[in-house]
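Try each one before you read its solution.

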Amino acid sequence: MKAFFTLAVVCLIASALANSFQPLELNEEQKAKAKVHFQECVKQENVSEEDATRLRNKDFVNPSANMKCFGTCFFEKVGTLKDNQVQEDVVLQKLGSIIGEEKTKEVLHKCKDIKGEDRCDTGFKIYECFESYKAQLAAKA
């Protein structure tokens, strides 16, 4: 797979919340863990490169089941989603230092209770919510 594709998915969750004017830097250990999670989820969810690229590009129109499940798998692997529940403490720990605790709490309040039809739909809808919030932050800036 293409290197940019892999790195883009590495930042899937963090980029969903990070303010577009604040760069996100992952250390080598974080990149290595994310790459492992990425590879595990590609295999587990049998996602095509096209669907993974669509998710990276935030193309949410008519997502395939595999595309939804791939994103959800990644959230589960990094610990931000467990048993269809957003793990607030994990999100605060991972993203609070990047976008600030108050912004993280705000997005959690808005998105944490979203439920879909199943595990994959729930994770996908939460990601859509995070992206919507990011767009609102960018519009305010």
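**Exercise 1.** Find where E45 sits and decide whether E45 is buried or exposed.

*Solution.* Start with the place: E45 belongs to helix α3, residues 28-45 (helices are DSSP runs of H or I, at least four residues, numbered from the N terminus). Next, the relative accessibility of E45 is 12%, so E45 counts as buried (under 20% relative accessible area, with a 1.4 Å probe and protein chains only). This is a predicted model, in which local features need pLDDT of at least 70, side-chain atom pairs count only at pLDDT 80 or more, and totals for chains, interfaces and linings use all residues. Residues are numbered from 1 along each chain as its sequence is written, and side-chain values use heavy atoms, with hydrogens and water left out.

**Exercise 2.** Work out which residues the side chain of E45 makes polar contacts with.

*Solution.* A polar contact is a pair of N or O atoms within 3.5 Å; within protein, one must be able to donate a hydrogen and the other to accept it, and residues adjacent in sequence count only if both atoms are side-chain atoms. One partner is the side chain of Q44, at 2.8 Å. Another is the side chain of R119, at 3.1 Å.

**Exercise 3.** Trace the disulfide between C41 and C73.

*Solution.* First check the sulfur atoms: they are 2.1 Å apart, and a disulfide is a pair of cysteine sulfur atoms within 2.5 Å. C41 lies in helix α3 and C73 in helix α5 (residues 65-78), so the pair ties together parts 32 residues apart in sequence. Finally, the -85° about the S-S bond goes with a left-handed link.

How values were computed
Helix = DSSP H or I, 4+ residues; strand = E, 2+ residues; numbered from the N terminus. Buried < 20%, exposed > 50% of the residue type's maximum accessible area, 1.4 Å probe, protein only.
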